[in-house]
Every structure is written in structure tokens, then in C-alpha cells.
Amino acid sequence: MTNGIHGSPYPHLVADIGGTNARFGWIEHAGAEIADVMALPTSGHPTLADAARDYLARTGHHGAASMAMGIANPVTGDEVRMTNHHWAFSISALQAELGLQRLVVINDFTALALSLPSLQAGQLRQVGGGSARANAPIALLGPGTGLGVSGLLPSAGRWVPLSGEGGHVTLSAVNAREAALIDQLRRRYGHASAERALSGAGLVALYDAVCALNGRAPDPMRPADVSDRGLNGSDPACVEALEHFCALLGSVAGNLALTLGAHGGVYIGGGIVPRLGAFFDQSLFRKRFEAKGRFQDYLAAMPVLVINAEVSPALMGAARALEQA
Ligand SMILES: Nc1ncnc2c1ncn2[C@@H]1O[C@H](COP(=O)(O)OP(=O)(O)OP(=O)(O)O)[C@@H](O)[C@H]1O
């Protein structure tokens with residue numbers, strides 16, 4: 001068994017645990033690529049340990065010495081409880097259960113942030129703005145089961161990732177229709193956070209809110225139904241919900257970019273935006289991103305980069321966290 005750069009013994013099991021998908025990969029030795037990447041449905045396994053064992057059984061791997069995972073919730077102590085799924089566990093108990101010498105657990109978007117400097121041009125699609133400045137703060141947000149938010153700050157020649165919960169900031173409106181939609185979300189949830197609109201469930205909640213404002217009973221929908229009918233134009237309420245989704249994401253992304261001074265670029269991760277393709281590029285997203293009054297020019301220069309969903313960069317970030325542990 002060999003050690004990593006800072007002493008994490010190999011082989012490494014790496015994981016990206018979202019509310020819907022649990023993605024795993026295997027690193028046999030130092031310098032090896034991440035192999036046997038596999039996504040398992042979180043709903044198909046009673047516990048995270050079960051999902052990890054299922055992955056190991058399916059791939060025939062055994063003897064992981066270290067594991068790193070990014071997981072979709074705040075990580076503030078030994079007890080971990082997912083925000084958008086029922087899995088909960090003790091980090092020390094999971095380490096013992098899986099027989100690991102080292103287990104590193106970080107937020108999933110913190111892990112994704114750690115991977116950003118290694119992404120290749122082919123894994124990104126730029127939506128407006130100029131060139132990213134070197135050694136400048138980077139912003140990251142991504143609608144999926146929830147709304148992940150993070151960033152990278154340059155410090156003394158290395159990148160420091162942020163571990164906040166920016167998906168739960170209060171959603172704000174820029175016109176009367178948005179205010180009415182957000183009011184619908186507030187009635188439904190009490191607090192209308194960004195995630196209540198900018199996630200899979202949020203897309204359905206926006207559709208429900210549009211129907212309520214139009215005095216129409218909503219059809220039962222999954223997030224993919226709303227986006228499919230919005231993209232093919234077959235249901236005007238879905239088209240409007242998808243347009244609001246993109247516009248509100250622009251407002252939230254612009255807020256994050258202003259707060260961080262993200263001249264290094266604003267990255268969009270998560271499973272939803274890459275599926276919207278040209279609709280997203282032609283939506284109000286970019287206009288809203290820049291619509292910050294006197295700071296329009298400041299934001300107009302910043303590139304927005306959509307991360308291709310086919311790649312699993314959060315696994316790379318988890319691997320990096322293990323190297324740095
Ligand atoms: N075509 C689609 N259009 C819109 N939403 C979709 C589509 N397909 C799947 N979704 C939704 O995307 C969400 C899953 O996103 P993602 O693939 O990023 O999962 P995840 O990594 O488990 O999420 P998270 O990290 O936010 O917990 C689910 O809410 C799902 O219903």
C-alpha cells in the first residue's frame with residue numbers, strides 16, 4: 001500500500017454524493033486516472049455505506065485504504081445529514097464500517113470547486129463575457145437536486161475553496177411577475193430561498209406558481225417534464241417556468257459574482273443547465289447576470305462557463321482534497 005502526496009494511502013475510493021445520484025470512482029495508485037466511474041441512484045440504497053459497498057461489488061474493487069467524498073450538505077462535525085435525501089451517518093462510524101485508514105468528507109460543491117482549475121476547454125461552454133483573469137476569485141453555482149454554491153479564492157499561490165450554503169440565500173425579484181412568483185414560493189415554503197426555484201424541485205415549483213397565477217390547475221410534473229415541455233414549446237406554463245428559472249439564475253449568479261469579485265470566471269455546474277442547451281444561451285440569464293445598475297460593465301467582462309454534465313469533475317476535486325489532507 002503506497003502513500004499519496006501528503007500521506008493518504010492508496011487505493012483511493014472517491015465519491016460525489018448528490019440528492020439524486022451517488023457517483024463513485026477508483027484511484028489505484030498515485031498518478032493513476034480515476035477509473036470505473038459509476039453513478040448509482042441514492043434512492044436505491046438504504047445508506048451511503050450500502051451504496052459504497054454496492055459500487056465495490058459491481059466493480060470488483062476491494063481494499064480501499066482512503067476515501068474522499070463531496071456530499072450535498074454542510075459538513076460541520078462528525079454527524080452528517082443530507083439536505084435533500086434521508087441519508088445520515090457519523091464520519092468516524094462510516095470510516096470504521098468501510099475499514100478505511102482515512103476518510104475525508106467535504107461539501108459537494110467545495111469538491112467541485114477544487115476541480116475547476118484542472119478542467120479542459122472541451123469540458124466547458126462559455127456564455128458571454130470576456131476572458132477569465134488569472135489568479136482572480138472564481139464563483140461556482142449549480143442547480144441539481146438542490147442549488148450548490150461555492151468558489152475559489154487565490155491565496156499565496158494556491159486555491160482556497162469556499163464551504164458555504166449560498167443556495168439558501170433569499171431569492172429576490174426584479175419585476176412584478178417575479179415578485180408574484182416568489183410570493184407563491186413564500187406561501188408554500190415560508191422562506192423563498194434561491195434553491196426553492198433553482199433546482200429540479202424548484203423548476204416544478206415555478207411551474208406550479210405560474211399555473212396558480214394564471215388560475216390554472218397544474219399537471220403533476222417531474223423536473224424533466226417541465227424542461228422537456230418548455231424546450232419543445234408544447235406547454236406555455238412550462239416555457240414561462242423555464243424562462244424564469246434562467247432569469248432568476250442570472251440574478252443569483254450576478255449577486256455571487258459581485259460578492260466574490262469573480263474575475264476568474266463564474267462556473268455553472270449541476271445536472272440541469274447543461275440539458276437546456278441553446279435555450280439557456282438565448283434566455284434572459286446573461287442579461288440578468290449583468291443587470292446590476294452601475295456595475296453592469298464590471299459584470300459584462302466576466303465569463304460564465306457551463307460545465308459539461310458528462311464529466312465528473314467533483315470526483316477530481318474529492319481526489320484533490322485527499323491529496324491535500
Ligand atoms: N432534463 C431535465 N431537466 C430538468 N431537470 C432535470 C432533468 N433531468 C433530471 N433533472 C433533475 O435534476 C436533478 C438532479 O440533478 P443532478 O444530476 O445535479 O443530481 P445530484 O448531483 O444528485 O444533485 P445535488 O448535487 O444538487 O444534490 C433532479 O431534481 C432531477 O429531477
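This note comments on the domains of the structure and on the surroundings of its ligand.

1. The model is predicted: local features require pLDDT of at least 70 and side-chain atom pairs count only at pLDDT 80 or more, whereas totals for chains, interfaces and linings use all residues. Residue numbers start from 1 along each chain as its sequence is written.

2. Two domains divide the chain: domain 1 (12-114 + 312-324) and domain 2 (129-302), with bounds that come from an automatic or database domain assignment. Their C-alpha centres are 27 Å apart.

3. Domain 1 and domain 2 each bring 15 residues to the contact, where two residues are in contact if their C-beta atoms, placed from the backbone, lie within 7 Å. On the side of domain 1 that touches domain 2, strand E7 (102-107) and helix H3 (108-115) are the elements that give two or more residues; H3 gives the most, with six residues. Helices (H or I, at least four residues) and strands (E, at least two) are DSSP runs, numbered from the N terminus.

4. That side of domain 1 has seven nonpolar, seven polar and one charged residues. Ala, Val, Leu, Ile, Met, Phe, Trp, Tyr, Cys and Pro count as nonpolar, Asp, Glu, Lys and Arg as charged, and the others, Gly among them, as polar.

5. The ligand has 21 residues around it, of which Gly-18, Gly-19, Gly-144, Gly-200 and Gly-271 come nearest; a residue is near a molecule if its C-beta atom, placed from the backbone, lies within 6 Å of it. The shell comprises five nonpolar, 13 polar and three charged residues.

6. Helix H5 (200-213) and helix H6 (223-232) each supply at least two residues of this shell, and H6 gives the most, with three residues. The ligand shell lies between domain 1 and domain 2, because both give residues to it.
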